[in-house]
Number of protein chains: 4
Amino acid sequence: SGDEIKHEVFTITEATEGRNTSKKRCIFEKYVQPCLTELFGTSLFVFVGCASVIGNVGTLGVIQPAVAHGLALGVLIMLFGQISGGHFNPAVSLMAFLCGGMELPLLVPYIVAQMVGGMAGAGLTKAIYPTDKYAASLGGAFSVAPNALAESCLAEVVMTTFLTTVVCMGAINAKTRSPWAAFCIGLTVTANIFAGATISGACMNPARAFGPAVAANHWSNHWIYWVGPICGALVTVSFIRLMFGDQKTRLVL
Amino acid sequence: SGDEIKHEVFTITEATEGRNTSKKRCIFEKYVQPCLTELFGTSLFVFVGCASVIGNVGTLGVIQPAVAHGLALGVLIMLFGQISGGHFNPAVSLMAFLCGGMELPLLVPYIVAQMVGGMAGAGLTKAIYPTDKYAASLGGAFSVAPNALAESCLAEVVMTTFLTTVVCMGAINAKTRSPWAAFCIGLTVTANIFAGATISGACMNPARAFGPAVAANHWSNHWIYWVGPICGALVTVSFIRLMFGDQKTRLVL
Amino acid sequence: SGDEIKHEVFTITEATEGRNTSKKRCIFEKYVQPCLTELFGTSLFVFVGCASVIGNVGTLGVIQPAVAHGLALGVLIMLFGQISGGHFNPAVSLMAFLCGGMELPLLVPYIVAQMVGGMAGAGLTKAIYPTDKYAASLGGAFSVAPNALAESCLAEVVMTTFLTTVVCMGAINAKTRSPWAAFCIGLTVTANIFAGATISGACMNPARAFGPAVAANHWSNHWIYWVGPICGALVTVSFIRLMFGDQKTRLVL
Amino acid sequence: SGDEIKHEVFTITEATEGRNTSKKRCIFEKYVQPCLTELFGTSLFVFVGCASVIGNVGTLGVIQPAVAHGLALGVLIMLFGQISGGHFNPAVSLMAFLCGGMELPLLVPYIVAQMVGGMAGAGLTKAIYPTDKYAASLGGAFSVAPNALAESCLAEVVMTTFLTTVVCMGAINAKTRSPWAAFCIGLTVTANIFAGATISGACMNPARAFGPAVAANHWSNHWIYWVGPICGALVTVSFIRLMFGDQKTRLVL
Ligand SMILES: [Ca+2]
Ligand SMILES: [Ca+2]
Ligand SMILES: [Ca+2]
Ligand SMILES: [Ca+2]
C-alpha cells in the first residue's frame, strides 16, 4: 500500500498513468481473473478426476474417484470461490445465472473457460499416464451401457438437480448461504458418484465430460452429459424459484 | 426490496392485496415450505441411500453406502436445516418434539412428508437402475437374518440412540449447540453403518426403510425399522431430559 | 427462565428450597454430569469401535474401523466436550491433568467412568452380534503377534504421542486452541489406525482396550494397551511442557 | 501472568534477569520453537505416511495411505500452523518464501528441520515394523517404473502445483485466506494421491521422499522427488505472482 501513497505526490503524468493502471486492474479483477480462475480450477479438477478414474483400475468400487472428485472440487471452490464463484461446471454457471447469482456478460466466457480448462486437465492426464493404461480407461471419459440411455440421462438429471440445489442453497440463496458451501458441494459430488457411477458414471458436469472426450476422442452418447446436467440445472431453478428460495429469490409469494 | 417500497405509494386496494400476500407468504414460510423441504430433502437422501446400496454390489464391505448416506444427510441438513430443521427422519422429528425442539402442529405433517419423500426417492432409484440390478439388491430395502431379529432390533435402538443424541445435543440443546451439527449428524450415520450394517443394515430411520419397502414391495420384518428407531428416540429423550440436557431441558435438578 | 423469576416473590421457605436446588444443580453440573458424560460417550465410542471391527471381517484393510473410530470420536468430542471436555480415554485424562487442562478431583472419577463405559459399549456389541461372529473377532479386543511385543508397545507410544499432542494443542494450549479440535482428534485416530493397525491394532486408549477385554475375556498382552498409551501421554506432556506449549504452559523460558 | 506483575516490584538485578529471560523467550518463540515444530510435525507426518504405505500391503488401491497422509497433514497444519506456519515440506517453504509468506532467515533452517524430521519419522516406522514387511514396501520410499521417468516427473510437477497453489491461496494470499486452509491442504494431498499414486507415488514433498530413502537406503530416481516438487512450487509462484494473487501479491497490474 506504500505504492498507492506515493502516487499522490507524483507528477500529473504519473498520476494519470496510475489512474489507467487502476482501470486496467479493475477490468482484470472483474473479468480476466475470474475467467482465468475458472479455466485453471477446471483444469485441476478435471486432471484429478480423470487421473483418479485411470488410477482406480484394479480396485473394487469407485471410492477413489468418488473421494478424489469431491475433495478436489471442495478445495477449489473454497479457495477460488472468492475470485470467480468457483463454478468449474457449465450447468452450475447456467443455474447461477438463472437464480440471480451471476451476471449475464460472464456466462459465455465462463463456459468457454470451463471447456478449455477441461481439455487442459484431460491433456495433462494423457501426458502423465502410459498410452495403454490411458486408453483402457477411456482417459476418464464417460460411457453408457447401450441399453441404459434413458436411465443414464435421468440419473444425470436427478444427480445434477441435487448438486445444483446444493450450490444454490449454499452459495447463492441468502437465507441459507453457509461458509461450509464449498465442501457441501464437493461432498455432494462424492455422494452422487456412490449413487450413480455404475449407471451413467455420475458426471453432472459437461466440462468434466467434454475434456476427456476431446483428449481420448471418445464421443459415444456424449450428448447425455450435456442434456442431463442442463435439465438438472433447470429443475433446480424451477424448484428454487417456486418453492425453496428465500423471498427475494422466489417468483411467487 | 424495491417491490415493498412501491406498495406504500399504491392505492388502498393494492395495499390490501399486499397485506394478503404477506399473510400468505407467512403461512407459506412457516408451514408449507418446511414440509416441502422435508419431502424434497428426504427424497434426495433416500435416492442417494438406496442407489448407493445397489451400486455397492460387487465390492467388499459397506464403505460406499456408509459414506454416501452420511455425506448426503450432512449436506442436506446443513443447507435445508435453516428452513425445516433438516430432520428427514420420523424418529428425529419425534425426539425433537419431545425434547422441545419442534412444535406439535408440524409433527404429523413432517412425518407424512418424510414418508412421501422416502417413496419418491426410492421410486427415482427404481427408475434409474435396470430391473435385475434393482431386484438383486431389494432396491436398497432392509432385510434381517431370520435368527437375528432381537439383535437387529436392539442394534437399531442403540444406533438410533447415538444418532438422535447427536441431533439433540448438536442442534437443540442450547448449551452444546454447534455450527458443526449437520456434519456431526451425517457422520454419525456413517460411523453407525460401519458398526451395524452386517446385523440390521443400520437404518435408524423409518422413512429410509419405508420408501424402498414400498418401491420394491419388500416388507419382511419391516416393523423392526419402526420399533427400533422409535425406541432409540425415546431412550435419547429420557437420557437428555434426565441427565445430559442443559438446565432448561432437564426435568429435574 | 420463568421459574427463576417466580422464586423472587415466593416465601422464604421456598426461596431456601430454591437455594438448595441451586447448590445441588451446581454439584450435578460440575461433577455428576461430566462423569456420566464420560461414561456414556465412552460406551458409544467403544460400541461403534468394537462393532466396526467385527463388521469389517471379510473386507481388505482397516478402512471401516479406522473411519468409524475417528468419526464417532470426533462427533462425541464436538458435542460432549462442552460438558466434560470429551476425553473418553484415560491417557487423555492423564495428559490433560499434567498439562493443566483438568482438575485433580475429576481424574480418578473420569478414568473409572471411562472404564465402566468401555465395558458397557463392549457389552452392547456382544449383545447385537451372534456368538460366532463375536468370538471370531475377539469382540473387537486387541491382540499382538507374539514376536512383536516391543514393536507394538513402541507403536502405541508413538501413536498416543501424536493423539495426545493433538488433544493438548487443539483443546488445552491457549495459543493453538481451535474450534476444529474435536475432528482433529478424531481424524488423528483414523490416520493412526491406517499407520499402525497391522502392528498393535492402534488402540491409543486403555478404556477402548479394557472394555472388550472384559466382555470377550481376552487378556493376552493387555498390559501393552496401558503401558503404551500412558508412556505416550507422558512423552506429550514433556514435549509440550518443554517445547511446544505457549508461555503459560512451558516450564522453562 | 502473575509472574510478570511480580517482576515490577523486584530488585533491579532480578528485573534485568527478567529482561534477559524475555529476550531469550522471544528468540525461542521466533526461531527455535518454529524449527522444532517443523521437525516434530514432519516426523509425525512422515511416520504416519510411511507406516500407512506398509500397512496397506494386501489391500486394493491406495485409500489407506491417501487418507492417512491427508488427515495427518491437515491436523498438523491446523494445530502447529499457528507456531511455524505448518509447512512440513521444503517445496511449500520455498513457495511460501517466494510468494511473500515467509522470511528468508527461516528458509534454510526450516528445510533442514524438515529433512531431519523426515528421517526421524521414517526411523520410527522402521522401528515398529518387522524387517521383512518393512523391506517389502521399501519402508514407504518412492519408486518409479523405469519407463515412466518423464511422466513421473511431470506428474509431480502438476500435483505439487495443485498442492502449493492451495497452500498459497488458503494461507498466504490475503484475499482468499481461509480458516479451512489446513484441511484444504491435507485433502488436496489425498485427492492427488488418488490421481497419481500409480505413476509417481504422488509424493509432492522432498522431505517425505528423503526420510524413507535414508532409512531404507533406497535412492533410485530420488532426484524426481526434488526436481518435480521444486518445479511445481515455481509454477505456482509464477501463476500467483502474475494471475491469481491479490493486488499486493501480483507483480503486474
Ligand atoms: Ca418475490
Ligand atoms: Ca428444569
Ligand atoms: Ca513459564
Ligand atoms: Ca502490484
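A residue is called buried when its relative accessible area is under 20%, exposed when it is over 50%, and partly exposed in between (1.4 Å probe, protein chains only). Keep that handy for this predicted model, where local features need pLDDT of at least 70, side-chain atom pairs count only at pLDDT 80 or more, and totals for chains, interfaces and linings use all residues. Residues are numbered from 1 along each chain as its sequence is written, chains are lettered from A and ligands numbered from 1 in the order written, and side-chain values use heavy atoms, without hydrogens and water.

**Stop one: the calcium ion**

Select ligand 3, the calcium ion: its protein donors (N, O or S atoms within 3.2 Å for Ca; water is not among the atoms, so a site may look incomplete) are the O atoms of Gln247(C) and Arg250(C), 2.8 to 3.1 Å away. Click on Arg250(C) and you have a buried residue, at 5% relative accessibility. Gln247(C) is partly exposed, at 34%.

**Stop two: where chain D meets chain A**

Now show chains D and A: 39 residues of chain D contact 41 of chain A, contact meaning heavy atoms within 4.5 Å. Zoom in on Glu29(A) and Arg250(D), whose side chains form a salt bridge at 3.0 Å, N to O (the cut-off is 4 Å from a side-chain nitrogen of Lys or Arg to a carboxyl oxygen of Asp or Glu). The count between these two chains is one salt bridge.

Next, colour α7 (149–172), α8 (181–196) and α10 (224–244) of chain D, the elements that each give two or more residues to the side touching chain A. α7(D) gives the most, eleven residues.

Note on methods
Helices (H or I, at least four residues) and strands (E, at least two) are DSSP runs, numbered from the N terminus.
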